[in-house]
Structure formats: structure tokens, C-alpha cells
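Dear colleague,

I am passing on the structure below, and my notes on what was found in it follow directly after. Please read them with the model open beside you.

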Amino acid sequence: MPWKQSEESRTWQKERVIQELRSQGKRMTKQRMVLLDVILSGKWNCCKEIYYEAAKRDAAIGMATVYRMVSRLQHIRDQSQRRTPFLEYPLARTSSGSSGT
């Protein structure tokens, strides 16, 4: 079941993530934008779920791209929580990677 979040909150988080990625020298490619939209649009249990949804939107996205993006977002989240403890990203549960299949 998709995680419901206000559009304003999702837009704010998306802009913060984009700003942070750019400050780290990362380009905002089409694939990164798709993944960011997918991740912020639902509450995912594993990277495979993110991959399946993202692949519907862009077939060129691979599992490695998903894992790299999730890892980068977790790093950003960890940095943000040190500065702002109340900030929460919906991918908090994706750290386990896959569901074991």
C-alpha cells in the first residue's frame, strides 16, 4: 500500500534531496529523477519493489542504479538527521536491500 504524504512535503523533500545531490557533485539524470519520484511516492520494503515500479516508468533503470540511489539517499538522510532529528525519509526501511528472493 503506497505511503501517503502531502504533496507539499514530498516536493520539499524532493528539492532538498536534489540540492544535496548536486552539492555532492551528482548530476540529476532522468533515471535519478524517476527513482526519486518512485521512492517519495510510496513506502517500500525493499529495493526490488522500488526497482519494479521504476522499471515500469523507465526500462533502462537497473537494480544497481536502484541500490546506488538508495544508498546515496540513506547517506543524505543520516546527515540530515544529525542536523535535523525530526526529518524522516520514506526509505528508512529499505536498508535490508531485498526481501531474500
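Two helices, H2 and H4 (63-83), each supply at least two residues of the lining of the largest pocket, and the largest share, four residues, comes from H4. Please bear in mind throughout that this is a predicted model. The volume of the largest pocket is about 220 Å³, and the residues that line this pocket are Lys26, Arg27, Thr29, Gln31, Arg32, Leu35, Thr65, Arg68, Met69 and Arg72. Sorted by class, that lining is made up of five charged, three polar and two nonpolar residues.

As for H2 (residues 30-41), its end C-alpha atoms lie 16 Å apart, which agrees with the 16 Å that its 12 residues should span at 1.5 Å a residue. Within H2, the buried residues include Val34, Leu35 and Leu36, and also Val38, Ile39 and Leu40; Leu35 is also named among the residues that line the largest pocket.

I also looked at the cysteines. How many disulfides does the count come to? With a pair of sulfur atoms required to be within 2.5 Å, the count comes to zero. For Cys46, the closest cysteine sulfur is that of Cys47, and because the two atoms are 7.0 Å apart, they are too far from each other for a bond. Cys46 counts as buried, since its relative accessibility is 3%, and Cys47 likewise counts as buried, at 1% relative accessibility, where the cut-off is under 20%.

With best regards

Notes
Residues numbered from 1 in each chain as written. Predicted model: local features only at pLDDT ≥ 70, side-chain atom pairs only at ≥ 80, totals over all residues. Heavy atoms only, no water. Expected span 1.5 Å × (residues − 1). Buried < 20%, exposed > 50% of the residue type's maximum accessible area, 1.4 Å probe, protein only. 1 Å grid on protein atoms, 1.4 Å probe; cavity = no way out; pocket = protein on both sides within 12 Å on 5 of 7 lines; lining within 4 Å. Points joined across faces, edges and corners; volume = space filled by probe spheres on them. Nonpolar A, V, L, I, M, F, W, Y, C, P; charged D, E, K, R; others polar.
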